[in-house]
Amino acid sequence: MTDTATLYIVPTPIGNLDDMSTRAIDILKGVSWIAAEDTRHSARLLQHFSIATRTLSLHEHNEDKRTAMLCERLKGGESVALISDAGTPLISDPGFILVRRCREQGIPVSALPGPCAAITALSASGLPTDKFIFEGFLPVKMQARETALAELVDRRFTSVFYEAPRRIVDTVNAIHKVLGDRAIVVAKELTKTFETYVSGSAQDVLDYLESDASHQKGEFVVMIGPATVSEQDIPGDAMALLQTLCEHVPLKKAAAIVASHYGLKKNALYQAGLESKG
Ligand code: SAM
């Protein structure tokens with residue numbers, strides 16, 4: 001910990017208490033205040049690690065008011081740690097207003113790395129991780145959810161969502177309706193006893209969810225793979241020319257030549273070339 005009063009963003013476990021870092025415990029013990037999304041919920045965690053620091057609540061309904069008070073305390077020399085019910089604060093959790101105000105007022109903000117369901121799920125999903133988007137929760141209303149999913153039709157990178165158990169079946173149904181056979185992975189109960197990854201098409205995941213009522217319980221991360229440009233979308237002649245040209249010129253150039261010859265999209269040919277190389 002530094003001597004300067006600082007707002008610390010402290011991730012907490014998403015299931016397995018052993019994922020609490022020693023640094024997170026030290027910071028929570030060392031600050032003057034812990035701002036918690038739900039003080040009663042966090043009391044169990046704090047007690048488990050013998051952390052006796054004073055807590056106060058900071059949630060979506062009082063964040064504005066609490067922020068003013070916490071900024072005053074920070075300016076008065078008291079350090080504050082922000083925690084949420086589980087995982088990394090601000091990631092589909094409160095804290096944005098507080099961090100933004102601290103930044104505006106020149107109050108130091110320091111984040112500890114730690115548990116986050118989205119990153120944990122993605123890293124073990126088997127879907128591409130070189131580029132991805134975290135979308136938080138999909139809209140609750142079905143029409144809005146389908147509209148949001150329609151944005152993924154041409155998306156060439158992995159999309160990561162959080163989902164509540166009561167909506168998981170409807171959401172996977174909507175994915176099936178809007179995106180068809182796209183590869184998806186659903187990660188459930190991460191870091192807990194019944195941690196499960198289910199991958200395949202939306203229909204495969206639906207079969208799993210509907211095969212047993214217990215499969216719909218727990219916490220879920222839904223990941224949707226990139227749209228693929230399959231070779232079938234490109235005429236055979238164009239694909240053959242692309243492959244021949246690739247033996248002599250870089251893929252980018254080959255894609256440009258074939259695109260102008262056949263009146264196709266350069267990017268689609270480039271992607272198809274990448275996919276055919278495996
Ligand atoms: N800030 C948290 C984080 O860093 O992951 C996320 C908070 S958000 C309110 C809660 C959602 O995260 C859950 O509805 C679920 O989608 C996901 N989640 C949290 N813990 C999880 C777990 N152990 N396994 C799977 N998903 C989890």
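User: Which domains does the shell around the ligand draw at least three residues from?

Analyst: Domain bounds here come from an automatic or database domain assignment. In this predicted model, the shell draws at least three residues from each of domain 1 (7-111) and domain 2 (117-224). The protein also has domain 3 (231-277). Residues are numbered from 1 along each chain as its sequence is written. Local features need pLDDT of at least 70 and side-chain atom pairs count only at pLDDT 80 or more, while totals for chains, interfaces and linings use all residues, and side-chain values use heavy atoms, with hydrogens and water left out.

User: How many residues surround the ligand, and which are the closest?

Analyst: A residue is near a molecule if one of its heavy atoms lies within 4 Å of it. Here 18 residues surround the ligand, with T88, D93, A117, Y162 and F220 the closest.

User: How much of the ligand does the protein bury?

Analyst: Accessible areas use the Shrake-Rupley method with a 1.4 Å probe. Taken alone, the ligand exposes 570 Å², and the protein buries 90% of that.
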